[in-house]
Amino acid sequence: MTDVTDAMTTLFGHRPDGSHLLLAALILASTVALVATAAFATWWARRHGNAPPPEDPGTYDPVATEGGDSLAGSGETVLWRMRTTVRDTPGSLAALCLVIARFRIDILTLQTHPLAEGTVDEFLLRAPASLPSQELTRQIEAAGGTATWIERADTHDLVDTPTRVLSLATRTALDAAELPLALRQLLGRCTIHSLPAVSVTGRPTGQSAPVEGVLEETVMRLRDPSGGVISVERPYLPFTPTEFARARALVELDARLGPRVPRSTDILTLPEGNEITVRRADRSDLAAARAMHDRCSPDTLGLRYHGPVGDADRYLNHLLSPRFGRTLAVQTASGKLVALGHLLWDGDETEVALLVEDDWQRRGIGSELLGRLVQLAEEAGCDSVYAVTQSRNTGMVAAMRALGLPLDYQIEEGTLVITARLRSSAAEPTGATGERAARPADERTVRPSGPAEGARR
């Protein structure tokens, strides 16, 4: 190196401006050496593992799998509700969130349901529309989630849980008939049965539950404040203790407030000029309803109750209870009751039934009541309503057809069941295998509509 420097000094130093040329050459040599050193250091680091490792070609990449940035940038999204159970250890939730973030999914809400062992994490997610739910479920379970369940959600689920619970409590406080509906909206897709302590014939049913209620995985039994039991079933997803506590709080609120029905009324004018009043009815109208029965012909009572005419009165107390649905009454200017319309909760189905006194038939009263009952069913979030009648009951058939809704007809042993579809059914829940958990609509069993048969009175 010294010999090279001496040679360069001799070459440039003895020429005109030799000192400047020497300085330029030294700067050039230093730059070349610096670049060479940096290149060597980079090569050495990569060779000995200090550089980031290359991507594992076997790792699932949602963006690459869907074709570049199409998954993240398509702009089309859907809402999912997902539950999964994780161990109650530090980092378990973080592992799930890393998977969710990797799929370009936004977490809109998160609830935790503590269990005796582990925790149920419930997410409301906004995900790319092209993302299959089965792939998300597989990745969540690979990250430590178990018993993963996912279903499509809608914009109504964007309301945060405290706000939704307060809204349901308000509705329950205003109307006792709202309790079964509030429980269904609180707990999701489930089947609710009100089981009375005494049958309509006056016999004890043996239905009871302790004050604190009973929780058995997919079934909860709560003591009904009006007597009997409220049974809630959700076969596809076990209830958590948190959900059980919320449901019990709603039932306790109902018990403290006692019987209550909104007292709003509507005054309508019939084509011939008579004015009638349409209002909600309850058990305080029992005497007036029995008097209307006395004025009805046996044929009219037979078309309505599908059983012995002499037994019709004994079912009124049950029908007028707000626990089993909503009843609309029509009364004249003199206060006489001339028609009743019932919207009855029948598990996860809803029945409509009409009774119009003979002298007031063919005046449009039945169609008016039926239209109002269907509107109440839509407000309650029902998918459909059905009427159980006989094929010779042309008035009821005509009223159902006048709704202008898609109708299904089923006949069995002289009994006609007409089902009106109110709106498109929500997406059914799917588990890790993607199998449907709800019963298909075409598997409904057609049952005779007799007064002694549950809600089909």
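Helix α7 and its partners

Trainee: In this predicted model, the axes of helix α7 (residues 161-174) and helix α9 (residues 241-257) come within 10 Å and cross at roughly 25 degrees. Why are α7 and α9 called roughly parallel?

Mentor: Angles under 35 degrees count as roughly parallel, and the crossing of these two helices is at roughly 25 degrees, so α7 and α9 are described as roughly parallel to each other.

Trainee: Which residues make the contact of α7 with α9?

Mentor: From α7 come T161, L168, A169, T172 and A173, while α9 supplies R246, L250, L253, D254 and L257; sorted by class, six of these residues are nonpolar, two are polar and two are charged.

Trainee: What makes α7 and α8 roughly antiparallel?

Mentor: Helix α8 (residues 179-187) packs on α7 at an angle of about 170 degrees, with the axes 9 Å apart; since angles over 145 degrees count as roughly antiparallel, α7 and α8 are therefore given that description. Here R164, V165, L168, R171 and T172 of α7 meet L179, L181, A182, Q185 and L186 of α8.

Trainee: How do you know whether T172 counts as buried or exposed?

Mentor: Buried means under 20% relative accessible area, and T172 has 0% relative accessibility, so this residue counts as buried. Beyond its neighbours within four places in sequence, T172 is in contact with E178, L179, A182, L250, D254 and R260.

Trainee: What lies 2.9 Å from a polar atom of the side chain of T172?

Mentor: The backbone oxygen of L168 is at that distance from the T172 side-chain atom.

Key: Residues numbered from 1 in each chain as written. Predicted model: local features only at pLDDT ≥ 70, side-chain atom pairs only at ≥ 80, totals over all residues. Heavy atoms only, no water. Axes fitted to C-alpha atoms, helices over the stretch in contact; angles between N-to-C directions. Helix = DSSP H or I, 4+ residues; strand = E, 2+ residues; numbered from the N terminus. Parallel < 35°, antiparallel > 145°, perpendicular 65-115°, else oblique. Contact = heavy atoms within 4.5 Å. Nonpolar A, V, L, I, M, F, W, Y, C, P; charged D, E, K, R; others polar. Buried < 20%, exposed > 50% of the residue type's maximum accessible area, 1.4 Å probe, protein only. Polar contact = N/O pair within 3.5 Å; in protein donor to acceptor, adjacent residues only side chain to side chain.
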